[in-house]
Amino acid sequence: MHLPSGTYSDSYQKDMAVIHTRWQWFLFIAFLLALFLFPLFGTTSLVHLLNSIGITLIAVLGLQILTGYTGQISLGHSAFIALGAYSSAMLSAKLGLPFFLSLPLSGLTTAVAGLLIGLPSLRIKGFYLAMATIASQFIIIFIIGHLKITGGPYGMSVPQAKLGSFIFASERSYYYIVLIVGIIMTFVALNITRTRVGRALIAIRDNDLAAELLGINIFYYKLLSFFVASFFAGIAGSLQAHYITVIHPEQFNLTDSIWYLGMIIVGGMGSITGTVFGVGFMMILRELVDIASPIVASSFPAIGGSAFAALGQIVFGLVIVLFLIFEPRGLYHRWEMFKAYYRLHPFSY
Amino acid sequence: MRITRNSRWLMLLLAVTLLLISVTPACTPKQAKTIKIGQTMDLTGPIAASGKILVEDGQWITKYINDVKGGLDGAKLEWLWADDAFSPPRTISAFQRMKEDGIVVIIVQNSTSALALTPIAERAQVPIISMNAEPSSLYPPGWVYLAFPTANADLFVGALTFIKQNWKGDQPPKIAIMGWDNSLGRSTLNAKKYWEDLGIQVVTQDFLPPTAVDWSTPLVKARDAKADFIFVSNSHPASEFVLRDAERLGIRGKIPIIMNGISVQIDDSIDAAGALTEGIYWIIPWNLSPDTAGIKEFMEAQQKVTGKEPRLRSSSMHVWGALNVATEAIKRASKNVGVDKVTGAEVKKALDSFKDFDTGGITPPITYGTDNRRGGSAVWAYQVKNGRVTPVSKQITVPFVKP
């Protein structure tokens, strides 16, 4: 990674720091301030969009740790989000637990379930693991859709998040929950990847046989990876459940699991910053397609509105394919190239 | 890439121009007053086949209301639509955007979206007209209104009543239920009390995922249980798969098959399955007789606006009904407060005032009120004879199957 000209590290802590200079601190704090002040200026639909991006980001961070850092392909991430949503809903609605208690508990519940789903990863990998995770996607959703306690195929209502007597009923009030939880989870994800655990996960991704020969317990670290990824998914599911206030088995489908993988491909595999870029890019792209479809359809009435709505699916698929061909390292790599150019301009040395 | 001083200035100029364009209000001619109705439908999800028809019909019906009927008390109707892919979060996103565009009522395609949208629409004071609804979204009465159709469970009760009315056997009739393994398919189970009261025996209950293409297992189970009728609750194109498998197993023509006519697109089924639909029954929550005033208006409107041979698709009644109810409510609100002051809250008040609203005979007169949100309250049985949808029953009044 290029540092700004004249910046150097003379200690391990400085070398491992994420933010190196005062200017970077200033930008970071300004960015956080902008995020905190956004609901005061943004429209309700933009705040809702940011809420959706925040919740999806938390889920995809987990998938990035599992797939991007550990190399375990998972096509069942949407089912883990469903587990988080339903466990949080049941803890709140049936047991009466407050939201701020059911949030971490649902994460833990999902993480334990993730351990069970992750067991096949000890024996199979690559394509076969992907198939196993697809199976888990269908099995989990089938079970949820057939239990009376979860409301079966009708779904269930979820109480809104409350703190004392204050109810987080509006998009703007809920934004702050999503923002704070999102910042914490991003911080946790970033630091996992910078520790011994993260290095072990990367070693397993790069060559699990060599990692094992080096003394890394791949049994332990693979399961830990599933545990962490499922925890993130559970947190995201809980946030979504208490935000939308209605959950339904059909909300959590295989298509979403595939799109989450697409987001980490577009953003950059093996990069937390890339996850932010990928989620933001794809969700904003989807929003733009949803806005543009009716407008374009009205200009070409003979073709039919549904054709333009289906264009959205084509656009997403095309974006993923183009990134795989032309920028396989994702938006994060482009960002690094831009920073390198900016910092070295006009000289390179 | 070298960035020269000139190109830097050019880039700065471009950025400033874009900024000015984005903040300067567009200079457009003064527009007539516009009243906006929002609609979400599934165009890319599991029931996209239905959504496609809604878009096509919604466009010409809007044109008909504006160009032929003169709009809404001098105001132009603008119909905004968006794809929600059967996903409640996307329904909410679409609603938020449309609310900022100034919609006064939102029409949604399915019950799950209606349920998820309810607290948000209530906060935004915009009533929801749902094209399909389960009892949980209609009861207790709130901001969700069902337009023309009955709820799925009510329609099944209509099917049971039709069977009872026409049953000539000595033993109680036996019915096999099959459908999608979701709220649409399983809604039939809410009517347990009714089939017990009517003395009808349900011999099998089978529900398959919406992606299922092979319906042999439930059909064979129905045959082996010696069912007298088979009731199918899914949607196009799954309905054609059922008919194909029934034909292959020799069941079609031997055991009468009754389809749920809210979701199943009869016309698309006839187009796709052709002769396989011969003799199949549909229970539909509207009167499709060409003599009905409402149907005559629909056909004439379609011909006038599209210039093509009008086509009566049963699923078109979803949009026709929803837009009729919505525009009537807007007109009433406009009469009360003036066209410039119509808001969602006023439209809701107008909807609550519906008493015996005449739908041109397509459904019985609609009455909402503070304790009722169900639109239609009757069904009709049809059968395909010589490729044509033919009525085989009079109006069958159905109760509201509460959760």
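How many bridges join E11(B) to strand E12 (residues 388-391) of chain B? Four bridges join them, and the two strands run antiparallel. Two strands count as paired if DSSP finds at least two bridges between them. Strands (E, at least two residues) and helices (H or I, at least four residues) are DSSP runs, numbered from the N terminus.

Before going on, note how to read this model. It is predicted: local features need pLDDT of at least 70, side-chain atom pairs count only at pLDDT 80 or more, and totals for chains, interfaces and linings use all residues. Residues are numbered from 1 along each chain as its sequence is written, chains are lettered from A and ligands numbered from 1 in the order in which they are written, and side-chain values use heavy atoms, with hydrogens and water left out.

Stay with E11(B). Seven of the eight residues of this strand (residues 378-385) are buried, so E11(B) is largely enclosed by the rest of the structure. Here buried means under 20% relative accessible area, exposed means over 50%, and partly exposed lies in between (1.4 Å probe, protein chains only). E11(B) and E12(B) form a hairpin with two residues between them. In the turn, B:Asn386 has a positive phi of about 55°. Within the pairing, B:Gln383 stands opposite B:Thr390 in E12(B).

Now move to strand E1 (residues 34-41) of chain B. E1(B) is mostly covered, with seven of its eight residues buried. Eight bridges join E1(B) to strand E2 (residues 76-83) of chain B, and these strands run parallel. B:Ile37 has B:Trp79 as its bridge partner in E2(B), and B:Met41 stands opposite B:Asp83. Six of the eight residues of E2(B) are buried, so E2(B) is largely enclosed by the rest of the structure.

How does the chain link these strands? E1(B), helix H2 (residues 48-68) of chain B and E2(B) make a right-handed β-α-β unit. Right-handed means that, with the strands pointing away from the viewer, the path from the first strand over the helix to the second runs clockwise. E1(B) is also joined to strand E3 (residues 103-108) of chain B by five bridges, and the two run parallel. In E3(B), B:Ile103 is the bridge partner of B:Lys36.

Next, look at the cores. A nonpolar core is a set of buried Ala, Val, Leu, Ile, Met, Phe, Trp, Tyr and Cys residues joined through side-chain atoms within 4.5 Å. The largest one has 95 residues. Those with the most contacts inside it are A:Tyr174, A:Leu239, A:Ile247 and B:Ile106. A second, separate core of 80 residues includes B:Leu54, B:Val232, B:Trp282 and B:Ala326.

Turn to chain A, which has 14 helices and four strands. Of its 349 residues, 49% count as buried. Along its principal axes the C-alpha trace spans about 65 × 55 × 50 Å.

Take helix H8 (residues 196-206) of chain A. A:Gly198, A:Ala200, A:Leu201 and A:Ile204 are buried there. They cover an arc of only 160° around the axis, which puts them on the same side of H8(A). The arc is that of the directions from the helix axis to the C-beta atoms. On the other side of H8(A), A:Arg196 and A:Asp206 are exposed. The buried residues of H8(A) pack against helix H3 (44-69), helix H7 (171-193), helix H9 (208-213) and helix H10 (218-244) of chain A.

Helix H3 of chain A also holds A:His48. A:His48 is buried, with a relative accessible area of 1%. Leaving aside its neighbours within four places in sequence, A:His48 is in contact (heavy atoms within 4.5 Å) with residues including A:Glu171, A:Tyr243, B:Pro89 and B:Ile92.

For contrast, visit A:Ile143 in helix H6 (residues 127-145) of chain A. At 45% relative accessibility, A:Ile143 counts as partly exposed.
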